[in-house]
Each structure stands twice: as structure tokens, then as C-alpha cells.
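Q: Hi! Could you walk me through this model?
A: Happy to, here it comes.

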Amino acid sequence: MKIRITLILCAVFLGKLIMSQELSLLIHPRYFWLVYLSFGVITILALLPEKKHHHSGTNLLNYILMAAFVFGTMISLQALSSKAAALQSTDQIINNAQYSRNKRLANFTINTEDRSLQDWVTMFSINPEPDKYQNQKIKVTGFYFLDDEGSPLIAQYAVSCCIADARIIGIPLSETLAYSENTWLEIEGTIDSAEKDGQRFAQIKVLNKKTISTPNDPYITN
Amino acid sequence: MLTLSNQINDFVIILLSILVEGIPFILLGSILSAIVQKYLKESHIINFLPKNRLMQKITMCLLGNLIPVCECGNIPMAKRMLSKNFGSGLTISFLLAAPVFNPLVIASTLAAFPGNYSILFYRLAFTMLVAISASYLMEKLPQKEIIKILPENNNQSEDIAKKDERMKQHQHGITTLIKTEFLQMTSLFLVGAIIAAMIQSLLPKEVILSFNNQEWIAILAMMALAFVISICSNVDAFFALAYTQIFPTSSILAFLVFGPMFDIKSVPMLKSIFTWRGLTILILFSGSLIFFLSYLYFLFT
């Protein structure tokens with residue numbers, strides 16, 4: 001009976017993640033089908049008739065598992081916050097871009113405002129010389145983030161499998177803004193160049209900013 | 001519905017993501033292992049494997065290509081192998097090598113390091129070397145002291161509890177096998193995932209970045225990271241990519257070889273196969289060998 005209950009709780013937990021679209025907060029979309037399939041198989045296993053016999057002993061681990069499924073079903077999940085990326089410097093964040101290059105990036109875009117944060121970060125990682133982008137219009141969304149020295153960036157997490165491997169990528173901003181970290185923003189501006197410790201990099205000269213609600217798919221997945 | 005503060009939410013998100021990512025593979029591993037339990041006879045094994053002991057181990061290493069379960073799924077398989085009298089040698093060859101020797105991981109390693117056949121080659125070569133060496137070592141040790149699962153037909157010195165379990169298994173259908181295996185493995189996996197998520201949310205991965213001043217420190221640091229970071233072997237190449245700027249290739253190799261073999265999330269599950277002594281010996285031996293091979297790579301390339 002305990003087995004059946006645990007399986008039902010597991011199925012309910014997975015079902016809730018799928019229905020509420022919180023699955024996109026946890027794993028990369030290319031693995032969604034695995035979860036759908038598991039949900040199906042576990043539901044079937046939970047509903048199959050069981051031969052009547054006794055299994056000895058209460059198992060603490062089993063109760064912990066049940067509790068985890070119940071808890072996971074009851075909470076309302078939010079996207080990974082900026083706190084998980086604390087202690088990183090802008091340099092490291094810029095370096096992270098190699099990990100999440102947009103392979104389908106079209107170099108030739110008439111309207112540079114159409115480029116996403118990931119597109120821009122990909123281009124900077126291939127060609128970091130800021131003069132190449134000077135004065136190009138940029139319009140991107142992301143969350144407000146301060147690096148380990150308090151320099152402002154607009155950033156997103158890039159995920160390739162599950163959240164455990166999330167990396168932060170972002171573009172530096174020319175000025176600090178009056179928002180708390182982790183606030184989702186849409187930033188409009190132009191590309192400017194900046195220098196720090198002898199390194200030149202591109203940053204956004206902010207012209208327009210507004211808050212937006214956290215998107216349903218807040219991570220970059222490629 | 002409860003909403004959580006940012007920090008707790010981060011911990012929960014990391015925990016649940018590891019859990020949800022692992023569940024499909026544990027399920028698959030449990031299904032495959034139940035099939036092995038029900039339908040695989042020793043004669044099948046004897047006919048299938050080559051006669052030469054070394055070739056047998058190599059075959060087991062390559063078996064991952066046929067049974068592409070990630071690190072989570074191969075543990076139920078390994079349990080069944082032990083109970084089917086494969087012996088610890090062959091089982092360990094499979095256990096350590098299968099997470100890397102499969103098409104998904106080979107493809108993702110190449111995708112993360114395009115054109116870099118050297119990294120792929122060394123990843124596979126080191127993995128096989130370590131898997132085979134570890135299996136030779138472990139099968140020489142007194143088996144009762146290192147593994148908990150004894151073969152089904154071993155009638156000597158089984159205690160009553162094991163006998164009961166054996167009898168119960170004979171009565172159970174395949175679905176009951178799958179259910180019990182899946183839930184047992186998942187509950188152990190959860191323990192590992194909780195510890196991994198706690199470490200990752202309290203200690204950002206970036207802390208590791210300061211440990212790269214000397215080659216041996218870098219190798220150890222990347223191995224420690226591999227142990228703590230609980231990501232699947234089919235994407236760890238992408239994860240490692242981000243460190244290639246700062247850490248030497250030898251340490252990246254160590255990460256790519258050690259990570260799929262052992263990490264926090266798999267330890268509780270491995271503990272259901274091995275005794276503490278056996279598991280410690282296995283991890284220490286494999287870890288030392290990987291360190292040694294990575295350092296050799298540094299010295300000679």
C-alpha cells in the first residue's frame with residue numbers, strides 16, 4: 001500500500017510540474033519528453049493491482065521521499081534567483097558566454113534591436129572588440145544583477161540540462177539602476193565601450209528601462 | 001500554494017531539478033534491471049561474454065552503448081548483475097564505464113569540444129583504464145567485506161533476512177520488482193540530491209575558481225567540483241567547457257572522468273551495493289588513479 005501511495009504522490013508531483021509549466025523552471029526542454037514518459041509509466045505502475053503480501057518494516061527514507069513529493073506539489077516554484085550567481089565578477093560572467101552560444105545566430109540582422117540577450121552575448125564572445133558594435137541599438141530582457149564589485153549587469157541563466165548546471169550570462173550596464181537585484185527588466189539603449197583593468201568590453205548605455213513580469217521560460221536553453 | 005524566499009527557493013529549485021532529471025533514468029534502469037532479474041540466466045551471460053578475462057571486462061565497459069542509462073540508472077543494473085553472479089569485477093567495469101561509454105555522452109563531448117578528438121579519446125581511454133583497474137582490484141579483495149549483494153545461488157552463509165528477500169523476489173512479478181527498485185533507488189537518490197543542492201546553494205561553484213595556481217591543485221579542485229556538482233554525464237562536457245579558460249586541460253579531463261563515476265548524488269545509491277569499506281576503497285583508488293593519469297597527461301602533452 002505504501003508503494004502505491006508513494007507512486008501516486010510521485011505521479012501527482014510530476015503531473016503538477018507539467019500542468020503548471022513549472023517544468024521549464026527545472027530542466028531543459030529537450031528532456032521534457034522523458035518526464036512526460038515517466039509520468040505515464042509511474043501512473044500506470046501506481047494503478048496496477050498489487051498482490052497482497054506484507055513488506056517488513058517502516059522505512060524512514062520512504063517517508064522522506066513521500067514528504068518530498070508532497071512538498072514539491074504544494075510549493076509555487078520561482079525561477080532561480082540572482083543570489084545563486086553571487087560572487088562572480090563581470091569578467092567571469094562574460095566568459096560564461098562560451099558555454100551558451102546561440103548556434104542559430106544570424107550575423108546579418110538589419111534591426112539590431114531584434115537580437116536577444118543570448119545573441120548579443122554570443123557575438124561578444126566571438127568578437128569582443130566593442131568598437132565593432134558602437135552605437136548599435138539594443139533591446140533586451142533579463143534580470144538586474146550586481147557582480148562581486150557591485151557593477152550592474154542585465155543577465156539571464158543559461159541551462160543545458162538541469163538547474164544544477166545553470167550559468168549566468170549577461171551584459172554590463174553603463175550605470176546602476178534603482179532596482180533591487182533579481183528584478184526582471186526590459187532595457188533599451190545603445191552599445192558603448194568601457195574599460196576595466198586594461199580590458200575593453202561592450203556595455204549598454206541605458207536609454208529606457210521598464211520592469212516586466214518574470215517570464216515563464218526564464219532560462220536560456222540552446 | 002506556498003511561495004518561498006529567494007534563497008530557499010534556489011535550494012529547492014536545484015534539488016527538484018536534480019530529482020526530476022534523475023527520475024526518468026532511475027525508472028529506466030529499474031525496468032531494465034527487472035527484466036534482467038526475470039529473464040537473464042547465467043547461461044546467457046556465459047555465451048555472450050568472451051572467454052578472456054580482460055576481454056570480458058572490456059566488453060562490460062562497452063555495454064553502456066547498448067544500455068544507455070545515465071549514472072543514476074546503471075546502479076539498479078549493477079545490483080542485478082551482482083545478484084546474477086556476474087561477479088564484482090565485471091559489474092564494476094560496467095558501473096564505472098557505462099556512464100561515459102554511450103553514444104549520448106560521446107556525442108555531447110564532441111559537441112562541447114568540437115573537433116577535439118583528443119579530449120574524447122583521453123576521456124574514453126582513462127575511463128576504461130580506471131574501470132578495468134578498479135575491477136581487478138576489487139575482485140581480489142574479500143567480497144563479503146566490500147559488496148552487500150551476494151549472488152542468488154550462493155547458499156552458504158546467507159543470513160535469514162537475505163533469504164527472505166530472495167524468496168520474496170521469486171514470488172514477485174516484474175512490475176513489483178520495478179516499483180520497489182525504483183522507489184528504493186529514488187529515495188536514496190533524494191538524499192544525495194539534498195546534500196548536493198545544499199552544497200551548491202551555500203557554496204557557489206565560483207569558489208573553485210581560485211584553486212588553479214598549480215597543476216595538481218587544479219586537478220584536485222576539478223575532481224572535487226565533479227564530485228559536488230551533480231549533473232548528468234551527458235551534459236557535463238558543456239559544464240566543463242566554462243572552466244577551460246581558467247583550468248588546465250588535465251584538470252578538465254579529471255573532471256570528465258571522475259564526475260560520471262562518483263558524485264554526491266550517487267553515493268547513497270552506491271551504498272546499497274557496497275559496504276562503506278568497499279565504496280571508500282573504490283572511490284579512493286579510482287580517484288587516485290585518475291589524478292595520476294591526469295598528471296601524466298600534463299607532463300607528457
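**The interface between the chains**

Q: How many residue pairs are in polar contact between chain B and chain A?
A: Five residue pairs, both residues at pLDDT 80 or more, are in polar contact between chain B and chain A. A polar contact is a pair of N or O atoms within 3.5 Å; within protein, one must be able to donate a hydrogen and the other to accept it, and residues adjacent in sequence count only if both atoms are side-chain atoms.

Q: Which elements of chain B are on that side?
A: β1 (2-3), α1 (6-39), α9 (160-171), α10 and α12 (236-241) of chain B each give at least two residues to the side that touches chain A. The largest share, 18 residues, comes from α1(B). Helices (H or I, at least four residues) and strands (E, at least two) are DSSP runs, numbered from the N terminus.

Q: And what classes of residue sit on that side of chain B?
A: The side of chain B that touches chain A has 33 nonpolar, 16 polar and six charged residues. Ala, Val, Leu, Ile, Met, Phe, Trp, Tyr, Cys and Pro count as nonpolar, Asp, Glu, Lys and Arg as charged, and the others, Gly among them, as polar.

Q: How many salt bridges are there between chain B and chain A?
A: Zero between chain B and chain A. A salt bridge here is a side-chain nitrogen of Lys or Arg within 4 Å of a carboxyl oxygen of Asp or Glu.

Q: What area is buried between the two chains?
A: About 5,100 Å² is buried between chain B and chain A, and carbon and sulfur atoms give 70% of that. I13(B), K179(B) and L183(B) supply 12% of the area that chain B buries against chain A, more than any other three residues. Buried area is the accessible area (1.4 Å probe) that two parts lose on being put together, summed over both.

Q: Before we go on, what should I know about the model and the numbering?
A: This is a predicted model: local features need pLDDT of at least 70, side-chain atom pairs count only at pLDDT 80 or more, and totals for chains, interfaces and linings use all residues. Residues are numbered from 1 along each chain as its sequence is written, chains are lettered from A and ligands numbered from 1 in the order in which they are written, and side-chain values use heavy atoms, with hydrogens and water left out.

Q: Great. Where does L209(B) lie?
A: L209(B) is in the loop between α10 (174-202) and α11 (215-228) of chain B.

Q: Is L209(B) buried or exposed?
A: L209(B) counts as buried because its relative accessibility is 14%. Buried means under 20% relative accessible area, exposed over 50%, partly exposed in between (1.4 Å probe, protein chains only).

Q: What does L209(B) contact?
A: Leaving aside neighbours within four places in sequence, L209(B) is in contact with Q92(A), Y243(B), I246(B) and F247(B). Contact means heavy atoms within 4.5 Å.

Q: What about T109(B)?
A: T109(B) lies in helix α6 (residues 103-112) of chain B, and counts as buried because its relative accessibility is 2%. Not counting residues up to four places away in sequence, T109(B) touches I119(B), L120(B), R123(B) and A237(B).

Q: Switching to chain A, how many helices and strands does chain A have?
A: Chain A has five helices and seven strands. Of its 222 residues, 49% count as buried.
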